[in-house]
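Here are some short notes to read beside the coordinates. Please check each point against the model.

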Amino acid sequence: MLRIQPGRAYPLHDAAATRQIEGAAQAKLPPNALMRRAGLALAQLSLAIAPHAKHIWIAAGPGNNGGDGIEAARHLHLWGKQVTVTWLSDPAHMSVDTAAAYQRAKDAKVNFATEPGQDHDLCIDALLGIGIQQREPLGRMAEWMRQINASSAPVLALDVPSGLNTDTGNVTHPHVKATHTLSLLTLKPGVFTASGRDASGTIWFDDLGIGDDSQWCDEPIEPTARLIARPTAISREHAAHKGSFGDVAVIGGAPGMQGAALLAATSALHCGAGRVFVSLLGDRTLSVDMQQAELMFRAIGSLDLSTMTLVCGCGGGTAIHAVLAAVLKSGSSVVLDADALNAIAQDSALQTALMNRGNHTFKTVLTPHPLEAARLLGLTAAQVQHDRLAAAKTLAERFGCTVVLKGSGTVIAMPGQTPSINPTGNARLATAGTGDVLAGMLGAHLAAGMTAIDAAKRAVYQHGELADQWSGTSALTASQLARMCCVSN
């Protein structure tokens with residue numbers, strides 16, 4: 001059993017793939033083997049996270065998730081714990097494995113009750129697991145979810161918290177908010193994006209002895225997504241010079257929004273770009289930043305766009321529209337953020353120019369938040385959030401580029417590849433300007449010669465990790481974040 005922490009590129013499988021792996025393993029294992037293993041794993045983790053618990057409530061649903069919970073109840077009861085199982089039993093639809101687990105629990109004198117009672121030291125959610133349908137839970141199930149959430153005891157969810165969509169991270173109302181989640185057989189994408197991280201708490205994983213699915217399935221099952229692994233450290237050769245790490249030009253900062261461009265330029269500078277230029281749009285009142293004299297201010301017409309990595313759109317306002325055609329045509333390496341994305345969403349000619357970049361060896365990275373992604377796709381932000389993986393993949397395929405769909409569990413997608421979900425970051429990033437910082441970080445990594453997908457993964461992971469490591473007592477501001485960027489990681 002593993003506690004999942006940022007660092008490894010764990011594969012993630014949706015509900016359909018998980019059921020396929022489960023079915024293949026069950027066909028080759030003795031009867032009830034998987035449920036017995038699942039129940040034992042759940043019981044062992046229960047003792048690990050609440051070793052002094054005396055009274056444990058297990059809320060069991062009618063499916064195999066409930067059967068796993070009942071199997072765990074037998075172990076906990078035999079180990080001397082006071083266990084109460086409330087079970088939404090459905091004998092007409094009970095699986096053979098669940099029926100066997102129920103009989104073993106009854107034989108062991110496990111207490112089954114219609115209501116949980118009071119004063120539990122641990123609540124175990126075994127109501128739905130991956131069996132969630134996108135409709136609101138009703139009746140006793142909904143009431144038990146509310147009681148679980150109202151309890152002051154730790155909450156351990158089995159597979160995924162009940163009410164959380166395994167594949168998308170969407171939640172029903174009500175849904176369980178767990179302090180711990182034990183994912184079985186596979187890790188599920190839904191616990192790492194959208195509402196999943198808030199609902200799931202600490203993630204634990206047990207493959208139930210299945211390991212590599214290739215020994216069970218006729219053909220290996222491709223993951224739905226992967227977590228981003230911690231990037232390896234970068235070392236720079238002594239003989240390197242500023243030209244070795246490329247030039248970044250930040251194009252944006254219309255009047256009243258110049259700070260956005262400066263934030264992007266600052267993060268590019270601290271991430272190790274060889275030189276950083278800033279091309280402000282409209283009234284260019286800045287010719288030097290006395291706090292960062294390294295930044296060079298230039299009119300866009302004086303820049304050779306084809307030799308630089310262009311970070312375009314940060315604070316660009318409507319003025320960005322006038323320069324986008326040239327950027328899309330000439331820029332060999334481009335990060336498109338914020339107002340650049342909004343302008344492209346409103347102009348079919350710019351959309352065509354963006355798609356045409358895919359016919360060249362150009363590097364293009366889009367960094368939309370959900371509303372900007374929705375504008376590009378002709379959807380609503382709610383529709384994008386409903387399936388973040390699908391939205392990111394659709395954008396990547398439509399425009400032939402790398403897409404960074406920001407938010408909790410940022411999704412990175414590019415055509416023809418398995419998408420990635422970022423495991424780092426927290427709500428400290430929910431403040432103005434942090435997206436501009438990310439765009440600048442991306443620009444620095446592209447300028448250093450990384451591929452678009454590698455630059456995106458490194459920047460997104462590092463961006464989130466900086467927020468995770470913040471130890472200040474005040475709020476983390478974007479300007480602080482930009483200066484925390486580091487060349488080596």
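Bear in mind that the model is predicted.

1. Arg-275 and its partner. Asp-247 sits in strand E11 and Arg-275 in strand E12 (residues 275–280), so the bridge ties together parts 28 residues apart in sequence. Asp-247 is buried, at a relative accessible area of 15%.

2. Arg-230 and Glu-465 form a salt bridge, and their closest N and O atoms are 3.2 Å apart. Arg-230 is in the loop between strand E10 (225–227) and strand E11 (247–252), while Glu-465 belongs to helix H15 (residues 452–469), so this pair ties together parts that are 235 residues apart in sequence. Arg-230 is partly exposed, at 43% relative accessibility. Glu-465 has a relative accessible area of 14%, which means buried, since the cut-off is under 20%.

3. H15 has 18 residues, and 14 of them are buried.

4. Glu-71 and Arg-104 meet through their side chains in a salt bridge, 2.7 Å from N to O. Glu-71 is in helix H3 (residues 64–78) and Arg-104 in helix H4 (residues 96–107); the pair links distant parts of the chain, 33 residues apart. Both Glu-71 and Arg-104 are buried. Shared partners join Glu-71, Arg-74 and Arg-104 into one salt-bridge network. The model's salt bridges number seven.

5. Strand E15 and its neighbours. Which residues of strand E15 (residues 333–336) are buried on each side? Ser-333 and Val-335 are buried on one side, Val-334 and Leu-336 on the other, so both faces are covered. Strand E14 (residues 309–312) runs parallel to E15, joined by four bridges. Cys-312 has Leu-336 as its bridge partner in E15. Strand E16 (residues 363–366) also runs parallel to E15, again with four bridges. There, Val-334 stands opposite Thr-364.

6. The crossover. E14, helix H8 (residues 321–330) and E15 together form a β-α-β unit, and the unit is right-handed.

Technical notes. Residues numbered from 1 in each chain as written. Predicted model: local features only at pLDDT ≥ 70, side-chain atom pairs only at ≥ 80, totals over all residues. Heavy atoms only, no water. Salt bridge = Lys/Arg side-chain N within 4 Å of Asp/Glu carboxyl O. Helix = DSSP H or I, 4+ residues; strand = E, 2+ residues; numbered from the N terminus. Buried < 20%, exposed > 50% of the residue type's maximum accessible area, 1.4 Å probe, protein only. Pairing = 2+ DSSP bridges. Right-handed = clockwise from strand over helix to strand, strands pointing away.
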